[in-house]
Amino acid sequence: MDAFGQVRHQSEQLCDPLSIDDYQIQSIVQTSPPKWHLAHTSWFFETFVLARFEAGYQPYHSDFDFLFNSYYYTHGSMHPRARRGLLSRPTVDEVYRYREQVNARMRRVIEQVHEDDWKTLALRTILGLNHEEQHQELLLMDIKHNFWSNPLKPAYRDDLANASGTTPAMGWFRQSGGIHEVGHSGGGFAYDNETPRHAVLHRDFALADRFVTNAEYQAFIDDRGYQRPELWLSDGWALLHSSDCRQPLYWQRIQGEWQQFSLSGLQPLNPHEPVCHVSYYEADAYARWSGRRLPLESELELVLSQQALEGHFADRQVFHPAPAEITGQWYGDLWAWTASPYSAYPGFKPLAGTMGEYNGKFMANQMVLKGGCCVTPAGHTRASYRNFFYPDERWAFTGIRLVEDI
């Protein structure tokens, strides 16, 4: 019960710095208004827990099921994703009342559930809490892009700390090849896409012990990295010529100097920080330029499984990657792009029913990322965790970790 209350409260706390107008904004189709996130995470508990276990269940509002269903087609129809920012109603106050009622009803169900239903209730509630933690990360990602799209470049918070520190020389974690197991090993929560655990064959490799920095990436830009077709995958090169992408998202040159937009507003670009908000295509092009490559998903997971599960996460209240001297950089700071497409593990079986749409149906045309980032809730990642984005997407906190073949 404590975990339920803490997670639900944290979503609302992340929205405390917003003005009432900020709750409504949707800058691109990939983002959602903060108001929608708050309502959708409540819809999840109402739909998958209360509707199943609450005696005499009645929906809070007959239209909310349509407005706040995200992508569960086997459950029913939904308001188009690209038009979420057009929903001036329900109001922000009404969404908070919705959350309050769902919270109260959830507590009653948890306290009164029959022991025969306890296991299923617990599994669905834990899934709902992990789902809400994913949306807490999305909240900050989306707020950042919403504010970046405003010519005023407003700050989400003006009291966020700016991490200092320098960058040590890049070191390499050497891993012997052979047959290794990857995937969730049991014990604790995991999503269905992390299973089943299975064997993979590796060659010897060495994984960088930190991310590529802004200064290192700037050298790629200065060496005409965005003008050299031999460095780019075909789709990435085509994207360059259909867009103005010539530097990472949120970089802006002002009076000859690079600035970077963060959740604390525009700041001078810190050369020691990890470069962030790059697409898979940019990460791959940089790796080629450097004479190295991006890690396979299984390579990165194998090394992460040997590191302490600690790092620069959202609980540090910085919401921006920090120099490696400060944070380490195995977990946290940035999601690391891998060279592996997001696909099913051998023997994968999605969850039964509508919740089987949570992960499995997205296993096409996306790439896997690992490790968590500076806006990921602490405790919400692990070596086997599989995040996934389309290769052209840049609004997530994504970074570049390199591999050398031995």
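Mentor: Two strands count as paired if DSSP finds at least two bridges between them. The model discussed here is predicted.

Trainee: In which sense do strand E10 and strand E11 pair, and over how many bridges?

Mentor: E10 covers residues 335–341 and E11 covers residues 367–370. Within this pairing, Ala-336 has Lys-370 of E11 as its bridge partner. The sense is antiparallel, and the count of bridges is 3.

Trainee: Which strands stand at the edges of the open sheet of 4 strands?

Mentor: The order is E12-E11-E10-E13, and the pairing is mixed. Strands 387–389 and 398–399 each have a single partner strand, so one side of each is left without a neighbour in the sheet. These edge strands are E12 and E13.

Trainee: At about what angle to E11 does helix H9 run?

Mentor: Helix H9 spans residues 297–304. It lies across both E10 and E11. Its angle to E11 is about 15°.

Trainee: Is Gln-329 buried or exposed?

Mentor: Gln-329 sits in the loop between helix H10 (324–327) and strand E9 (331–332). Beyond its neighbours within four places in sequence, its contacts include Asp-209, Arg-210, Pro-274 and Arg-401. Buried means under 20% relative accessible area. With a value of 2%, Gln-329 is buried.

Trainee: Which backbone atoms lie at 2.8 Å and 3.1 Å from the side chain of Gln-329?

Mentor: Phe-211 and Ala-322 are both among the contacts of Gln-329. At 2.8 Å from a polar atom of the Gln-329 side chain lies the backbone nitrogen of Phe-211. At 3.1 Å, that side chain reaches the backbone oxygen of Ala-322.

Conventions: Residues are numbered from 1 along each chain as its sequence is written. This is a predicted model: local features need pLDDT of at least 70, side-chain atom pairs count only at pLDDT 80 or more; totals for chains, interfaces and linings use all residues. Side-chain values use heavy atoms; hydrogens and water are left out. Helices (H or I, at least four residues) and strands (E, at least two) are DSSP runs, numbered from the N terminus. Contact means heavy atoms within 4.5 Å. Axes are lines fitted to C-alpha atoms, for helices over the stretch in contact, and angles run from 0 to 180 degrees between N-to-C directions. Buried means under 20% relative accessible area, exposed over 50%, partly exposed in between (1.4 Å probe, protein chains only). A polar contact is a pair of N or O atoms within 3.5 Å; within protein, one must be able to donate a hydrogen and the other to accept it, and residues adjacent in sequence count only if both atoms are side-chain atoms.
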